[in-house]
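Hi,

Here is the structure I promised to hand over. Please open it next to this email. My notes on what turned up follow below.

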Amino acid sequence: MNKLKLNSSSITFLPILVCIPIAYELFINFHIGGIELFKEFIISAFNPKINNEIIFTLVKRLNETIFIAFFSWLISIIFGVIFGILSSEIFYKILNLPIFLKRFLNLFLTFIRSIHEIIWGLILMQIYGINFSIGIIAICIPYVAINAKVFSEQIENINLKTIESIKQINGIKSSTLITLVWAPVIETFKNFGLYRLECAIRSTAVLGLFGVGGIGTSIFLSFQTLNFRELWTYLWGLAFLIIISKKLLKRFNLSNTSKNLLTSFVIALFCISLFSLSFFVYFIFNKNAIPFNSINNLLISNVNFISYDFLKLLLETIVLCLLSTGIAISFPPLFILIFNNKIGITIIRIISFLFRLIPPPVLILILLMFNDPSISLAAITLGLHNAAITSKLLLANLHNQDNKQYIAMKSLGVAKRSSWLYGLFVKQANSYLAYCAYRSDIIIRETAILGVIGSVGLGWQLQESLTSFAWEEVIVILFAYSSIAIIGELINGKIKINLT
């Protein structure tokens, strides 16, 4: 008897099985009361509200969004480069510093990277109140660590023999370091750093839903009043901003500008350092800040917070990660396989764009119109949002791929779907799964957002603990989230190595 063999192609479709428990829970929790509201929401997308007051508010909110996103992006890139160099092995080999400093720094960066910017934002808002500066700092904290990791990985690819050769001729250490890291830093900035600006815009929009400012604040206020026409005006404004930023960044050319770029980098570094120092002084000496004695409270607390209920919420968060990841992996190839024609692909592109455009907190609030809060509702929301992102990548890769084998199979009479599966998708399966493994790291971090809004998992408990200023509970939740994210990152790292 032949054994069932799994390959990369079949593994991409296997996670669709998570839809069975999700569909069942959504069905039993379904209520018809919000269908009319949902219909109104969909119709309003084609009839947004446009008048002088709305346009004025839209422009004002977009300006706030650009300001927060740009400064958080610029700060995170500059400090990402600095910490990327400091956390690379090359830095310690050139300057002959003890390697344990690198391990300590990497541990610190891993922790702050594992916590989503929304969590950092909620914590800072609880301590310092609502301020647009909170948005900049909340985004910068994880973004600096994420950027540092990427820059460090590229710097590590430098040939170690080059370092030894420079050492033998007694080259100046600081000059050697700058000379060696400059090329990989610039290349990484072109390939990754510019993309992070779009991510910063999206993060600013999501943070705005919690009152920080920007377009997200207007989106949430419009949703609260069920003014869907106004809501779609702001959503289309956000879409316009994202599209324009992508077009401008594609035209941004860094070739033959190394000298000017170095000067700009030094000036920006000086300005951002002063800017960051002023922020640090302001927040440290702010008299309105709530006293923070969490570590001491945690050590002397007699509250048995880590109980059955806490472990249940922890398990809910892990299940939410797995279900969302399953949807994000399996939906794109499945729907492209089923609707494999020009009209079908066009519809998939439009739907995926809308799911990328609508922030997950707004999406789950819309679904809550006709469904009760549950893990399945949070999973379908987070899964669809990330499936829209993975589908964009998959469609782009399939479009750029050589399709001679696909055409040959069709000409031999092979069914269209089979030709697509074996002639096109098989070649993309490994790289697609590798990207999904990377995407699952982000999904793990994003469970916090859905937890806060959807009242499930650790996100719900985090909101309760922050509201009651139970900082010892907040610290436990942070370490729980961080542990899940770090373990997931290690597992996904092994998967990506095996697939590439």
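Start with lysine 39. At 42% relative accessibility, lysine 39 counts as partly exposed. The classes work like this: buried is under 20% relative accessible area, exposed is over 50%, and partly exposed lies in between, with a 1.4 Å probe and protein chains only.

Before you go further, please keep the basis in mind. This is a predicted model: local features need pLDDT of at least 70, side-chain atom pairs count only at pLDDT 80 or more, and totals for chains, interfaces and linings use all residues. Residues are numbered from 1 along each chain as its sequence is written, and side-chain values use heavy atoms, with hydrogens and water left out.

**The salt bridge at lysine 39**

Lysine 39 pairs with glutamate 36. Their side chains meet in a salt bridge, 3.5 Å from N to O. Such a bridge needs a side-chain nitrogen of Lys or Arg within 4 Å of a carboxyl oxygen of Asp or Glu. Side chains of opposite charge can pair when their charged atoms come close. Both residues sit in helix H3 (residues 35-44). They are three residues apart, about one turn of the helix. Helices here are DSSP runs of H or I with at least four residues, strands are runs of E with at least two, and both are numbered from the N terminus. Glutamate 36 counts as exposed, because its relative accessibility is 54%.

**The whole protein**

How many helices and strands are there? The protein has 23 helices and zero strands. Of its 500 residues, 51% are buried. A contact means heavy atoms within 4.5 Å. Among contacts with a separation of 6 or more, 81% join residues 24 or more positions apart. The accessible surface is about 25,400 Å². Carbon and sulfur atoms account for 67% of that surface. These areas come from the Shrake-Rupley method with a 1.4 Å probe; for residues, only the protein chains shown count as cover.

The structure holds six salt bridges.

Arginine 113 forms a bridge with glutamate 489, the closest N and O atoms being 2.7 Å apart. This pair links distant parts of the chain: arginine 113 is in helix H6, glutamate 489 is in helix H23 (residues 471-499), and they are 376 residues apart. Glutamate 489 is partly exposed, at 21% relative accessible area. Arginine 113 is buried, at 9%.

Arginine 445 bridges to glutamate 117, with the closest N and O atoms 3.1 Å apart. Arginine 445 lies in helix H21 (residues 416-454) and glutamate 117 in helix H7 (residues 117-128), so the pair ties together parts that are 328 residues apart in sequence. Both partners are buried: arginine 445 has 12% relative accessibility, and glutamate 117 has 5%. There is also a network, in which salt bridges that share partners join Arg113, Lys149 and Glu489.

What does arginine 113 touch, leaving aside its neighbours within four places in sequence? The contacts are Pro142, Ala145, Ile146, Lys149, Arg445 and Glu489.

Helix H6 covers residues 100-114. Its 15 residues reach 21 Å from first C-alpha to last, close to the 21 Å expected at 1.5 Å a residue. The expected span is 1.5 Å times one less than the number of residues. Buried residues in H6 include Lys102, Leu105, Leu109 and Arg113.

Helix H11 (residues 195-208) has 14 residues and should span 20 Å; its end C-alpha atoms are 20 Å apart, which agrees. In H11, 12 of the 14 residues are buried, so the helix is largely enclosed by the rest of the structure. Among them are Arg196, Glu198, Cys199 and Leu207.

**On the surface**

Leu315, Ile318, Val319 and Leu322 form a nonpolar patch with about 340 Å² of accessible area together. Patches take residues with over 30% relative accessible area and no salt bridge; like charges are joined within 9 Å, and nonpolar side chains (Val, Leu, Ile, Met, Phe, Trp, Tyr) within 5 Å. Valine 319 belongs to helix H16 (residues 308-338). Valine 319 is partly exposed, at 31% relative accessible area.

Leucine 226 has a positive phi of about 60°, although it is not a glycine. Leucine 226 sits in the loop between helix H12 (215-224) and helix H13 (228-251). Its relative accessibility is 38%, so leucine 226 counts as partly exposed.

Best wishes
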